[in-house]
Amino acid sequence: MMKTENKLLVEMSWWGMSGLQGTAGHAQDIEGKFKLIAENGFDGINAFVPATEESSLWKELLHKYNMSFSVNAYPSSLNEMSQFLEKAAAFENIGYINAQVMTPFLIGDSAIELLSGIDALSRQAGIPVYVETHRGTITQDLIRTRQYLQSLPELRLTIDYSHYVVAGELHTISDEAEQMLQSLLPNTHSIHTRISNGEQIQIDPGEAGNHPMVPHFSRWWGSAMRHWLNGQRKENDSFPVVVELGPASYAITSDEAGSRQSEISDRWSQSLYLKQLVRQLWQKEIQ
């Protein structure tokens with residue numbers, strides 16, 4: 001029996017609100033974006049530690065719209081992670097930190113030492129830090145990340161498999177690839193939803209999710225949820241999923257050689273579809 005007291009949090013990426021076109025309208029100011037996110041049924045926002053001059057406004061709006069809040073960090077050393085944790089603690093209203101560890105060429109024992117240190121700082125500060133699977137970072141390589149977990153079985157991950165699918169050109173998923181991808185999912189503490197086709201990092205799943213890669217990503221996300229629900233959880237723990245569709249140049253444009261601002265599809269509609277999809281997957285797992 002799944003633990004129904006635990007809940008799903010579907011957060012919207014603040015980065016993903018940049019340059020929205022089409023059905024999203026033209027919310028430009030901070031509160032306009034908050035209102036759009038809240039009115040469309042998201043539970044929270046994934047962003048950054050607000051600047052000092054905007055801190056009060058962000059706290060006011062998070063309370064007004066009843067939003068959960070998480071932030072992104074980009075440390076390349078323990079000192080940088082420690083300093084960021086201090087900033088996050090000072091802001092107070094932060095549920096967790098998503099960390100892209102910016103040392104893509106660090107490997108072996110040195111990488112394990114850094115990841116272990118980040119996890120220790122997180123637990124000491126009392127603010128969860130989840131290390132994201134991301135190109136151009138310490139986890140850019142699927143095989144390498146699996147090796148980290150052999151030494152650090154308690155390492156907490158944010159899973160974004162769009163990076164591994166495009167980096168490995170996984171437009172088809174072999175049994176070997178599936179086994180490797182599944183091996184990371186027991187360590188999932190958060191998910192970033194973006195779908196790659198193995199050639200582009202971010203594609204349109206289709207209005208009805210009829211792109212052939214959707215079943216693969218749905219399988220991985222559902223498996224990650226299942227592992228999390230079956231783990232040792234405190235009552236009322238939350239599982240955050242961030243809908244994170246980036247603007248150009250993440251989004252595909254029709255003017256690749258020009259200003260790269262004319263997106264070929266409606267990123268906001270895609271975000272709403274992904275929100276609906278992850279909630280459906282969650283309901284399937286808790287039944």
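1. Is F69 buried or exposed? With a relative accessible area of 3%, F69 is buried, since anything under 20% counts that way. Keep in mind that we're looking at a predicted model.

2. Let's move on to the aromatic rings. Searching the whole structure turns up 17 aromatic pairs. One of them joins W58 and F69: the ring centres are 5.6 Å apart and the planes meet at 40°, so this pair is tilted. It bridges distant parts of the chain, with W58 sitting in helix α2 (residues 55-64) and F69 in strand β3 (residues 68-73), 11 residues apart. W58 counts as buried too, because its relative accessibility is 1%.

3. Another tilted pair is made by Y161 and Y164, at 5.9 Å centre to centre and with 35° between the planes. Both Y161 and Y164 are buried.

4. Leaving aside residues up to four places away in sequence, F34 touches W14, I45, W58, L61, L62, Y65 and M67.

5. Now for the nonpolar core. In soluble globular proteins, nonpolar side chains tend to be buried together. Here the largest nonpolar core has 80 residues.

6. Two lysines are worth a look while you have the rings on screen. K59 lies over the face of F91, at 5.2 Å from the ring centre. K275 does likewise with F42, at 5.6 Å from the ring centre.

7. Next, some backbone details to check. Where is N66 found? N66 is in the loop between α2 and β3, and its phi is near 55°, a positive value in a residue other than glycine. N66 is exposed, with a relative accessible area of 66%.

8. E92 also has a positive phi without being glycine, this time near 85°. You'll find E92 in the loop between α3 (78-91) and β4 (97-99). Its relative accessible area is 60%, so E92 counts as exposed.

9. One last item is a peptide bond. The bond from A248 to S249 is cis, with omega near 20°. S249 is in the loop between β8 (238-243) and α9 (267-286).

Key: Residues are numbered from 1 along each chain as its sequence is written. This is a predicted model: local features need pLDDT of at least 70, side-chain atom pairs count only at pLDDT 80 or more; totals for chains, interfaces and linings use all residues. Side-chain values use heavy atoms; hydrogens and water are left out. Rings of Phe, Tyr and Trp (its six-membered ring) pair if their centres lie within 6.5 Å; planes under 30 degrees apart count as stacked, over 60 as edge-to-face and the rest as tilted. Helices (H or I, at least four residues) and strands (E, at least two) are DSSP runs, numbered from the N terminus. Buried means under 20% relative accessible area, exposed over 50%, partly exposed in between (1.4 Å probe, protein chains only). A charge sits over a ring if NZ of Lys or CZ of Arg is within 6 Å of the ring centre and within 35 degrees of the ring normal. A nonpolar core is a set of buried Ala, Val, Leu, Ile, Met, Phe, Trp, Tyr and Cys residues joined through side-chain atoms within 4.5 Å. Contact means heavy atoms within 4.5 Å.
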